[in-house]
Amino acid sequence: MDEMTRITVGGERPYDVLVGRDLLDELPPLLAGADQVAILYAPPLKAHADAVGRRLAAAGRRPLPIEVPDAEAGKDIGVADRCWEALGAAGFTRTDAVVGIGGGAVTDLAGFVAACWLRGVRWIPVSTSLLGMVDAAVGGKTGINTGAGKNLVGAFHPPAGVLCDLSLLSTLPAVDLVAGLAEVVKCGFIADPAILDLVEADPARAADPDGPVVRELVERAVRVKADVVAGDLREVGRREILNYGHTLAHAIEKVEGYRWRHGHAVAVGLVYAAELGRLAGRLDAATADRHRATLTALGLPTGYPADAWPGLLAAMRVDKKARGSRLRFVVLDGPARPSILDGPDDDLLRAAYAAVAR
Ligand SMILES: NC(=O)c1ccc[n+]([C@@H]2O[C@H](COP(=O)([O-])OP(=O)(O)OC[C@H]3O[C@@H](n4cnc5c(N)ncnc54)[C@H](O)[C@@H]3O)[C@@H](O)[C@H]2O)c1
Ligand SMILES: O=C(O)C(=O)C[C@@H](O)[C@H](O)[C@H](O)COP(=O)(O)O
Ligand SMILES: [Zn+2]
């Protein structure tokens, strides 16, 4: 096994994010004391879920595999309910645990199922997508989508540990790997500009799942997220910076019926947020332009239909950062200087949309 990196996420319930290759043997010790372990997985990850189940069984735990629909279709209250029924039928107690193996959608669902069962049991995400490793599996935000909007139902429920097994990325479709880079680029703009230098130096290497650049990007992005959530698990303050680009992104996902990749929506949302910062007089034009250039170099989308604006504005009104009728956006005052733009008027919001309108 390559050397494993351990990144501790501090806070009231500290845990470690393990980054490396062939890490599945690290899972059973993290679940010491559990009799049963539910393993939530979507069909594309069945083989990996079976491998997890075999390791847990060998370590004396009873695996309970639960197949759920793939991607955003799994982040649904009916699916969560089906999982709770399975836990009930199996007699799951407070010492039992939940593992979610998959991309961010499955780990968001698994964490939510664990957060609600008996008001909170232990859970561990085994992240198999780049986006999951750098973002979704870390930080304890769990949840599902509703007709009203993205992630509107959920809980803060930190995991007992996180596995970022880079060897699992070899089967991730390239388009999903690149989508994950949007969140990595986000971390570059809000906190760690070295990430941007790395990506821009060789975008193809940044998207090579077996290369050293991906590993460095994962570790850097996880450190950014760990640092932020350690001090603000429940997003009462600084954690909002991780939502950079997400106000428009979540609106796009809702308007698209959750059929757009989250990372693609975030890429468009980042270009929009940069322009908003520029028009508000906060961000210099060169840094704003760098958003589009970097994301385009990676092959990420940066545009959305012009006539979609009214629907997007309506969808943005249910953003969790809103306060009453006042929308709030994360913008940049400069590289690695995120701040809040509180209550921008609709004219400014529409003007910034010109940067992405096609
Ligand atoms: N909780 C958080 O803090 C947080 C942060 C960021 C994103 N998210 C959520 O994460 C989700 C997006 O995550 P995502 O980009 O991983 O999408 P995803 O979970 O939908 O996965 C994308 C696709 O890749 C497949 N896949 C994943 N790993 C694979 C592998 N190793 N081999 C083959 N196929 C694989 C999945 O089955 C799916 O079809 C969104 O729902 C978003 O809201 C949550
Ligand atoms: O962890 C956070 O905090 C984030 O905002 C990270 C985002 O990348 C992620 O998409 C998150 O799920 C969005 O949170 P939400 O509270 O706006 O649903
Ligand atoms: Zn995100």
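**Figure 1. Contact between domain 1 and domain 2.** In this predicted model, 30 residues of domain 1 touch 30 residues of domain 2. Four elements each supply at least two residues to the side of domain 1 that touches domain 2: strand E1 (5–9), strand E2 (15–20), helix H5 and strand E8 (149–156). Helix H5 gives the most, with five residues. Sorted by class, the residues on this side of domain 1 comprise 16 nonpolar, ten polar and four charged.

**Figure 2. Division of the protein chain into two domains.** Domain 1 covers residues 5–171, and domain 2 covers residues 174–353. Taken over C-alpha atoms, the centres of the two domains are 25 Å apart.

**Figure 3. The shell around ligand 1.** Around ligand 1 there are 31 residues, of which Gly-103, Gly-104, Ala-105, Ser-129 and Leu-131 come nearest. Helix H4 (104–116), helix H5 (130–136), helix H6 (174–190) and helix H11 are the elements that give two or more residues to this shell. The shell holds twelve nonpolar, twelve polar and seven charged residues. Ligand 1 lies between domain 1 and domain 2, because both domains give residues to the shell around it.

**Figure 4. The shell around ligand 2.** The residues that surround ligand 2 are Asp-135, Gly-139, Lys-141, Asn-151, Glu-183, Glu-235, Arg-239, Leu-242, Asn-243, His-246 and Lys-320. By class, one of them is nonpolar, four are polar and six are charged. Domain 1 and domain 2 each contribute at least three residues to the shell around ligand 2.

**Figure 5. Residues annotated as a binding site.** An unreviewed UniProt entry gives the annotation "binding site" to Glu-183, His-246 and His-262. These residues span 80 positions in sequence, yet no two of their C-alpha atoms are more than 10.0 Å apart, so they gather at one spot. Glu-183 is placed in helix H6. Glu-183 and His-246 are also among the residues that surround ligand 2.

**Figure 6. Packing of helix H11 and helix H12.** Helix H11 (residues 262–279) packs with helix H12 (residues 285–297) at an angle of about 170°, and their axes are 9 Å apart. The two helices are therefore roughly antiparallel. On the H11 side, the residues in contact are Ala-267, Leu-270, Val-271, Ala-274, Glu-275, Gly-277 and Arg-278, and they meet Ala-285, Ala-288, His-291, Arg-292 and Leu-295 of H12. The contact is made up of seven nonpolar, two polar and three charged residues.

Figure 7. The feature "domain: 3-dehydroquinate synthase N-terminal" is placed by UniProt, in an unreviewed entry, at residues 66–176. This span is 33% helix and 29% strand. Its end C-alpha atoms lie 23 Å apart.

Figure 8. In the unreviewed UniProt entry, residues 180–322 carry the annotation "domain: 3-dehydroquinate synthase C-terminal". Over residues 180–322 the chain is 65% helix and 0% strand. The end C-alpha atoms of this span are 26 Å apart.

Technical notes
Residues are numbered from 1 along each chain as its sequence is written. Chains are lettered from A and ligands numbered from 1 in the order in which they are written. This is a predicted model: local features need pLDDT of at least 70, side-chain atom pairs count only at pLDDT 80 or more; totals for chains, interfaces and linings use all residues. Axes are lines fitted to C-alpha atoms, for helices over the stretch in contact, and angles run from 0 to 180 degrees between N-to-C directions. Angles under 35 degrees count as roughly parallel, over 145 as roughly antiparallel, 65 to 115 as roughly perpendicular and the rest as oblique. Two residues are in contact if their C-beta atoms, placed from the backbone, lie within 7 Å. Ala, Val, Leu, Ile, Met, Phe, Trp, Tyr, Cys and Pro count as nonpolar, Asp, Glu, Lys and Arg as charged, and the others, Gly among them, as polar. A residue is near a molecule or strand if its C-beta atom, placed from the backbone, lies within 6 Å of it. Domain bounds come from an automatic or database domain assignment. UniProt positions are given in the numbering used here, feature names are shortened, and annotations may be inferred rather than shown by experiment.
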